[in-house]
Amino acid sequence: MEGIAIMTSGGDAAGMNPAVKSAVDYSIKQGLKPFLIRNGLRGMIDGDIAEATREDVSGILHRGGTVLRSSRSKRFFEYEYRKQAYDNLQKLGINKLIVIGGDGSFAALNQFYADFGVPFAGIPATIDNDIPGTDYCLGVDTALNMIRDSIDSIRDTATSFSRAFVIETMGRHCGYLAMVSALSSGAEICIVPELEYDLDAIGERLRKDMKDGRGYILAIVAEGTNMAEYLTRWIKVNLNMEARLTVLGHVQRGGSPTVRDRIMAYKFAVAAVDSLQAGNTNKIMIYKDGVLGTEDIETVNSTKVELNDQILQLCEHLSK
Ligand SMILES: Nc1ncnc2c1ncn2[C@@H]1O[C@H](COP(=O)(O)OP(=O)(O)OP(=O)(O)O)[C@@H](O)[C@H]1O
Ligand SMILES: O=P(O)(O)OC[C@H]1O[C@](O)(CO)[C@@H](O)[C@@H]1O
Ligand SMILES: [Mg+2]
């Protein structure tokens, strides 16, 4: 029986657990022998690998984070440690890999493929939604719902005190979480790396709104802009309104996966096993314009992520 190993890597994302479960269940159905690598790339180097049992993957589907645990590994950048990881796989008869993670994890596995020719399939899982070629990455819907709940709570106190709240979302260099959250919570300001902002215009617009009775302000800022603290001070001085900053932080990564993340996890996992069974060597599973497909890792690595035009257009007026 051919050995296939499944791992999670990089920032954890809701949907990783259902993806692991589906990948194991479907691999068994396909006559493969699934293994689980714990602790991501670090575990691959340290040989933290064992054959998957049904118990390993039962009762995990609804849990946030990753039961396999994850890591960011400096050692994996060095050939010596990748070779150690390869030897670990060889000993167990593993010759196919499924990596559930983000762009960094895919780059890592592509380097591993270049070194040792071990085929892999990548399942996009990162709240950043920053993987070129796919409209969707596991974890994004759960994170958006988490952010929505937080903003709804913040709105309660903002209205009670007639204050402005600047809310910083994660996403690394990508403004997707900030934009969708600004739209879904009716925020007044949205500052993201993808859109130029104009504070003078924002000031003029909001001063007029305040004259017309606006009592509070919600501003959503993507962490990639590094603008949250500055904007908070700017509001105090320029709009003469009390302002507070809330950095949502890692709360955005937690929580039970939403229905969307569970279903997408299932689809991506089945597609990943099928892709490897079809003889593909280094493909990333994608979901583009409502259709499931695959993309070459080289294309994913060399393309800049582009955000949906419609979302950009809908948000434009919130940055001026
Ligand atoms: N070019 C590379 N060569 C070897 N290893 C790499 C390379 N790029 C990334 N890695 C490894 O992949 C790990 C995961 O990447 P990274 O930390 O960027 O997270 P990610 O998978 O992009 O997920 P997220 O962005 O959601 O946190 C890195 O910590 C590093 O160990
Ligand atoms: O968990 P860490 O290592 O602090 O990394 C935080 C980063 O990971 C992410 O949550 C996912 O990539 C980013 O949005 C954020 O910038
Ligand atoms: Mg990443």
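## Annotated site at Asp103

The UniProt annotation "binding site", from an unreviewed entry, covers Asp103. UniProt positions follow the numbering used here, feature names are shortened, and annotations may be inferred rather than shown by experiment. The structure is a predicted model, in which local features need pLDDT of at least 70, side-chain atom pairs count only at pLDDT 80 or more, and totals for chains, interfaces and linings use all residues. Residues are numbered from 1 along each chain as its sequence is written, chains are lettered from A and ligands numbered from 1 in the order in which they are written, and side-chain values use heavy atoms, with hydrogens and water left out.

Asp103 lies in helix H4; helices (H or I, at least four residues) and strands (E, at least two) are DSSP runs numbered from the N terminus. Asp103 counts as partly exposed because its relative accessibility is 38%; buried means under 20% relative accessible area, exposed over 50%, and partly exposed in between (1.4 Å probe, protein chains only). With neighbours within four places in sequence left aside, Asp103 is in contact (heavy atoms within 4.5 Å) with Asp130 and Ile131.

A "binding site" annotation in the unreviewed UniProt entry covers Gly11, Arg72, Ser73, Gly102, Asp103, Gly104 and Ser105. These residues are spread over 95 residues of sequence, yet they cluster in space, with a largest C-alpha distance of 14.1 Å. Gly11, Arg72, Ser73, Gly102, Asp103, Gly104 and Ser105 from this set are included in the lining of the largest pocket. On a 1 Å grid over the protein atoms alone, a pocket is an open set of points with protein on both sides within 12 Å along at least five of seven lines, whereas a cavity is a set of points where a 1.4 Å probe fits but cannot get out; lining residues have an atom within 4 Å of a point.

Gly102 is placed in the loop between strand S4 (94-101) and helix H4 (103-116). Its relative accessibility is 11%, so Gly102 counts as buried. Residues up to four places away in sequence not being counted, Gly102 touches Ser9, Ala125, Thr126 and Ile131.

## Ligand 1

Ligand 1 is surrounded by 17 residues, of which the closest are Arg72, Ser73, Asp103, Ser105 and Thr126. A residue is taken as near a molecule or strand if one of its heavy atoms lies within 4 Å of it.

Polar contacts are pairs of N or O atoms within 3.5 Å; within protein, one must be able to donate a hydrogen and the other to accept it, and residues adjacent in sequence count only if both atoms are side-chain atoms. A polar backbone atom of Gly11 is 2.8 Å from an oxygen atom of ligand 1, and a polar backbone atom of Gly104 is 2.8 Å from an oxygen atom of this ligand. The side chain of Arg72 has an N or O atom 2.7 Å from an oxygen atom of ligand 1. On its own, ligand 1 has 620 Å² of accessible area, and the protein covers 84% of it. Accessible areas come from the Shrake-Rupley method with a 1.4 Å probe; for residues, only the protein chains shown count as cover.

## Ligand 2

Around ligand 2 are Arg72, Ile127, Asp128, Met170, Gly171, Arg172, Glu223, His250 and Arg253. An N or O atom in the side chain of Arg72 is 3.1 Å from an oxygen atom of ligand 2. Polar side-chain atoms also lie 3.2 Å from a ligand 2 oxygen atom in the case of Arg172 and 2.6 Å in the case of Glu223. Taken alone, ligand 2 exposes 390 Å², of which the protein buries 75%.

UniProt lists residues 4-275 for "domain: Phosphofructokinase" in the unreviewed entry. Over residues 4-275 the chain is 44% helix and 17% strand, with the end C-alpha atoms 12 Å apart.

Thr134 belongs to the loop between strand S5 (120-124) and helix H5 (140-161). Thr134 is buried because its relative accessible area is 7%. A polar atom of the Thr134 side chain lies 2.9 Å from the backbone oxygen of Tyr136, and a polar atom of that side chain lies 2.9 Å from the backbone nitrogen of Tyr287. Apart from neighbours within four places in sequence, Thr134 is in contact with Pro124, Phe268, Ile286 and Tyr287.

## Positive phi angles

Ser162, although not a glycine, has a positive phi of about 50°. Ser162 is placed in the loop between H5 and strand S6 (164-169) and is partly exposed, with a relative accessible area of 42%. Asn240 is not a glycine and has a positive phi of about 55°. Asn240 is placed in the loop between helix H8 (228-239) and strand S9 (243-247), and counts as exposed at 71% relative accessibility.
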